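Let us work through this model by asking what its labels rest on. Each answer sets a value beside its cut-off.

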Amino acid sequence: MLEIPDRFQSILRAHLPYAETGGLTARDELSALGLDSMGVVRLLVDIENRYAVELPDEILDEATFATVGSLWGALSMLMTIGPDRPRAF
């Protein structure tokens, strides 16, 4: 199972009004936890600012923002390949 770092969970929690205390899991659905379209925009800004990355337009879709794990997977892949390397999203 995909491990979700505490730092990332902390960023997410600020945008998930229905998230209970305790750890978030990769399978947790972001919409079920209260993330709406405006929340996605605010979350995106927070992620980009706190991780000093820019999420490319090609991954800004429903699949990426479906679950905690799908969003973390996209972000961690971006951080792994770096900003100057070609992406295979």
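Q: How do you know where the axes of helix α2 and helix α3 lie relative to each other, in distance and in angle?
A: This is a predicted model. In it, the axes of α2 (residues 37-51) and α3 (residues 68-81) come within 12 Å. They cross at roughly 30°. The crossing is right-handed.

Q: What makes the contact of α2 with α3?
A: From α2 come L43, I47 and Y51. From α3 come L71, W72, L75 and M79. Contact here means heavy atoms within 4.5 Å.

Q: Which classes of residue does the contact of α2 with α3 have?
A: Seven residues are nonpolar. None is polar and none is charged. Leu, Ile, Tyr, Trp and Met all count as nonpolar.

Q: How do you know what span is expected of α3, and what does the model give?
A: The helix has 14 residues. The expected span is 1.5 Å times one less than the number of residues. That gives the 20 Å expected for α3, and its first and last C-alpha are 20 Å apart, close to that value.

Q: Which residues of α3 are buried, and what do they pack against?
A: V68, G69, L71, W72, A74, L75 and L78 are buried. The buried residues of α3 pack against α1 (6-13) and α2.

Q: How do the axes of α1 and α2 cross?
A: They come within 10 Å and cross at roughly 145°. The angle is taken between N-to-C directions, on a scale from 0 to 180 degrees. This crossing is right-handed.

Q: What makes the contact of α1 with α2, and which classes does it have?
A: R7, F8, I11 and L12 in α1 meet L43, D46, I47, R50 and Y51 in α2. Six of these residues are nonpolar, none is polar and three are charged.

Q: Why is T67 called buried?
A: Its relative accessible area is 19%. Buried means under 20%. T67 therefore counts as buried. T67 is placed in the loop between α2 and α3. Leaving aside neighbours within four places in sequence, T67 is in contact with A26, R27, D28, E29 and L30.

Q: Why is L2 called partly exposed?
A: L2 has a relative accessible area of 40%. Buried is under 20%, exposed is over 50%, and partly exposed is in between. So L2 is partly exposed. L2 sits in the segment before α1.

Q: How far apart are L2 and G69, in sequence and in space?
A: They are 67 residues apart in sequence. In space, the distance is 6.8 Å, C-alpha to C-alpha. Not counting residues up to four places away in sequence, L2 touches A26, G69, W72 and G73.

Q: What makes the pattern of the protein α-α-α?
A: The protein has three helices and zero strands. Read along the sequence, that pattern is α-α-α.

Q: How many of the 89 residues count as buried, as a percentage?
A: The share is 37%. As for contacts between residues at least 6 apart in sequence, 53% join residues at least 24 apart.

Q: What is the mean pLDDT of the protein, and where is the pLDDT below 50?
A: The mean is 90, and 90% of the residues reach 70 or more. Over residues 85-89 the pLDDT is below 50. Beyond near neighbours in sequence, this stretch has 12 contacts in the model.

Terms used. Residues numbered from 1 in each chain as written. Predicted model: local features only at pLDDT ≥ 70, side-chain atom pairs only at ≥ 80, totals over all residues. Heavy atoms only, no water. pLDDT = per-residue confidence, 0-100. Helix = DSSP H or I, 4+ residues; strand = E, 2+ residues; numbered from the N terminus. Left-handed = near helix turned anticlockwise from the far one by under 90°. Buried < 20%, exposed > 50% of the residue type's maximum accessible area, 1.4 Å probe, protein only.
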